[in-house]
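Work through these exercises with the structure open. Try each task before you read its solution.

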Amino acid sequence: MITTASMRQLIAAVPEQDVDDVTQALLQAGLIHFINIREIPTEWALHLNSPVSSAEGDKIRDLRRRLDAYFDATDFSPSSVVEDEKINFRSLDLRTAEKHLDEFGSEIRKVRDQQRQVQDEIMHLKELKRQLPETGQLGLSTGSGGRSYITVHTGSVLKERQEEFDEAFKDFPAVYMPGVGNEQEQDILITLRRDNDRTDTLLKRFGWEDAPGDIRIHSQKEDRKGIDIPGPLEKVNGKLEELKERQFRYEVKLKEFVSGKKHELACFWMDLRSAELALVIKGYYRKTERTYLFSGWIPADKQKNVNEILINASGGRCYLEWHNPVDREDPEIPKQVPVQMRNPKILKPFQSLVKNYGIPVYGSIDPTPVVAIFYLVMFGLMFGDAGHGLVVFLVGLAGSISMKKRKKKSILFPLITWCGIAAILFGVLFGSYFGFRLLPPLWFDYHAVVTGHHEAGSVRTLTDILVLTIYFGITVISTGLLINWYNHIKMKDWTGLIWDKGGILTGWIYGAGTAAAFYFIAHEYREFPGKLTLLLTLGIPVLLMGIKPFIEIKRHRLEHPGDPFGKINPLNIIMEWLVELLEIFSGYLSNTLSFMRVAGLGIAHVSLMVAFFQIAGMASVDGKFTVWSWVILIAGNILVIGLEGLSAGIQALRLNYYEFFSKYFIGNGVAYEPVSMRHKD
Amino acid sequence: MSSQLKAYGFINAKIRSRLGRLLSEDTINNLLKCGTIEEVITSLKATVYASYLDLYASTGDIRAVEFALYAHEIETVFNILKYMTGSSADFVQALILRYEVDMVKNALRIWFDINIRKHQSGDRNIYLYHEKLINPVNLDGIINARSSGDLLEAFENTPYLETVRRNLEIINAGKQMFALELELDGLFYENLSGKMKNLVQMDRRIAERIISVEVDLQNIDRIVRFVSFYDSNTRSLYKAFLTGGTISESVLREAYKQTEAEEAMRVLLSGSYTKYRGFTGEHHSSPYVRLNLVEGLLRQIQVDEAGGLLHGYPFTIGTVIAYVFLKRKEIRMLIKIINAKFYRMAEDKIRETL
């Protein structure tokens, strides 16, 4: 947990006859982070060929992606099967697999076609609906008459042909209402004017007879039997509802179709995925005449396990060579070793924050636990209210549960839950519960300090809060420096340990500078420590920093003989030294002062609550809160939780990334990504 | 300078944040590799287009997706317009006119099919954008017009009335719409050019540069199309090119007179676009392939120009124009990919058309 997991490199040779068994065993184990054997710095590695063609792999991957897309329409993820089932390696006939998928796809297309037909009808009706008056009557003239862009036909077709007649008008915007006309129960047909030619043809085909006399149609009209007969608009709306319902049923049908074949498809997916990944693994193999060679990285504690797996899979016919990266002298090796960060599950949100910045280089400290502490303390100091914390906690918890139910991984919601806990703890320390002081504070009353009513304890004024955060900043920066020194010692980088920007000399200067600053403040900004003290504490490290350019030039000369950079130029050296010192002084000063934002946001949080209490007080009657006072307070609390919660979260992240990580973090490591069924594209 | 900052500060920040949401090269490559439309939907799940593509799941109709994307494009420009004032707002509004002209042209084509060619309207009108953009164009009136009078009535109180009236006779006699469509495009560029003149100097310079490139591209595209597909007699009936580009009218006329598309291209690229001349001369294939190549070239020129606008001084109309262009290009490309995947086109064929 403190440092990244220890890794071992495997170089293996297996005979051709065992290569499939070995591949399957390796995929099943899912432990090897493969590397191209050509990366091994040996002459012979360059002359080996790959045993697989990429075309086959591409084809399998395409088929698997097609399946993924079908699954996407359901809430089922085929990869979840991986957790429960053992991989069953079956020989895969790509043609049959593709045919199988095509058949499946064509079934889906059939439903899509039906959906599209319904959609066409919906769109036709919507177009017609746009032309119909929203309320009132639809005026009709004798026989066929035009209004606006619609044509209304009154007349009749034979009763036994009415259904067929209705069906014939499905392909364009039309509404047919049999027997709703006047006393003679004439039929009504409404179409768009542009379709008059087509309509006339159809009317002729069905032997439509125009009605004599003038009729009017109402939006709602009762027939003689006393039943409501819908007007055209109602008819269109009713039909639209019916079609939308049908459309929805098709969507459900499609989901059910995929879900119904879920298990069969998941097995198919497993076959494709295992074949795909087996090819990925084989892609790392290199072939001699009768043997296959491969190499990869494995966590040290799994070495025995993998050793056994390979011996079993090959029946003992394999050659395995294990290497510990620290045995190699090459300083570049740590940058090539994949890094596995091993933190407890509860710290995963913070591990993600670290990974988001970069992967720590192999063998260095994994800062996740420290980041967790600093992040939560910063958040708590900026957002210290138990009530607000409880809300944030519940939001995080609800989000986490919801994501879990949807089988989705989330880093954000667990992080929010943690932030909620931190805010509750600090709220209790500050005695703040939705801005009320329900219980006495365990540390100091933040509200009283901000409003100037705090008279006892170690923190009484705003300056005390600012100083407190400065101390906190110094702690964070010093921790960063200590981690940096440990990393340099671990990597045996002694020059870096002393002269690096976060090295011992810098730490010395920072410590001395900080002490001098506090001395100056303690003496009411009038006196610095004595000259001798300053010379010993600040002067010596400053002078020692001047050696750095010489060391760099010497190292460069050794690495690049004859390079003009290796020539000593006194002016350059002095400039480099001065710039470096300036960077250290200004950088560390601003880094430390940057932590005052923790106080700033904490004060803003309290001030906003105080302001809302004052506004709520204005709405009170006889000193008692009214309904409006409570509404103001609730709205204020919601605003503060949203606004300040976001600010505090972002600022805490910023302080970690820029003030803390910049002191030690080398983020150019490679993440450990073994080829396994859980492997992502 | 401070007024420029005031005018474009907010919209520039807004656009810059949206630029990050444009599809990356990797996403586009992934889309092209997709085998089915379902894969396209999955690939775009985490993008702004997810909700539009979900329409395919609920309707099974790619035209519904296409229509929603088109509406999103228009909405994007209107959203930008909301944050602009004065002459720059007028200019953006003039850009919106492009969509209105497209809508008018689409409606006219439907009317033309029904009334002149005596074809059925089909389903093209199902997904016609009907919202009012700038002018009160009565699209239903156009589609449902049964006579020339009805048609002109639908254009009342719009700037298109006279253009349509002027062309009605040609349409009825020649049974084609080219001339009218060309004039409508001309109307758009004329209006745009008028609004451009009111912009402040710095904006005007930028807008003129990008619009003149667009006019050039329109002219190159049209001339190459006409030379590829029509004989000189037919060509003489139309005024195929627009004014306002960097290619002089004499060069345009010269190119228009050519009998071979390659020759026309050579003439057209002899001025401002000499660096693209290597593109022509070797493609003695079908006119369609040539046209594809030309379109590819024109798209490249536009991308180069828009990219350039984003790298200069940020508080100008340039950022707005570049974003509108890039968004338009992205949506057009997406529509092409969706259609291509629906009809199972191969990846390399799709690439040719992008």
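Contact means heavy atoms within 4.5 Å. The model is predicted: local features need pLDDT of at least 70, side-chain atom pairs count only at pLDDT 80 or more, and totals for chains, interfaces and linings use all residues. Residues are numbered from 1 along each chain as its sequence is written, chains are lettered from A and ligands numbered from 1 in the order in which they are written, and side-chain values use heavy atoms, with hydrogens and water left out.

**Exercise 1.** Find what Phe294(A) touches, leaving out residues up to four places away in sequence.

*Solution.* Start with Leu10(A), Ile11(A), Ala12(A), Val14(A), Val22(A) and Leu26(A), which are among the contacts of Phe294(A).

**Exercise 2.** Is Gly503(A) buried or exposed?

*Solution.* Next, read the value for Gly503(A): 0%. Gly503(A) is therefore buried. Last, list its contacts beyond four places in sequence: Asn484(A), Trp485(A), Gly496(A), Leu497(A) and Ile498(A).

**Exercise 3.** How far apart are Gly503(A) and Thr461(A), in sequence and in space?

*Solution.* Count along the chain: 42 residues separate Gly503(A) and Thr461(A). Then go from C-alpha to C-alpha: 36 Å.

Technical notes. Buried means under 20% relative accessible area, exposed over 50%, partly exposed in between (1.4 Å probe, protein chains only).
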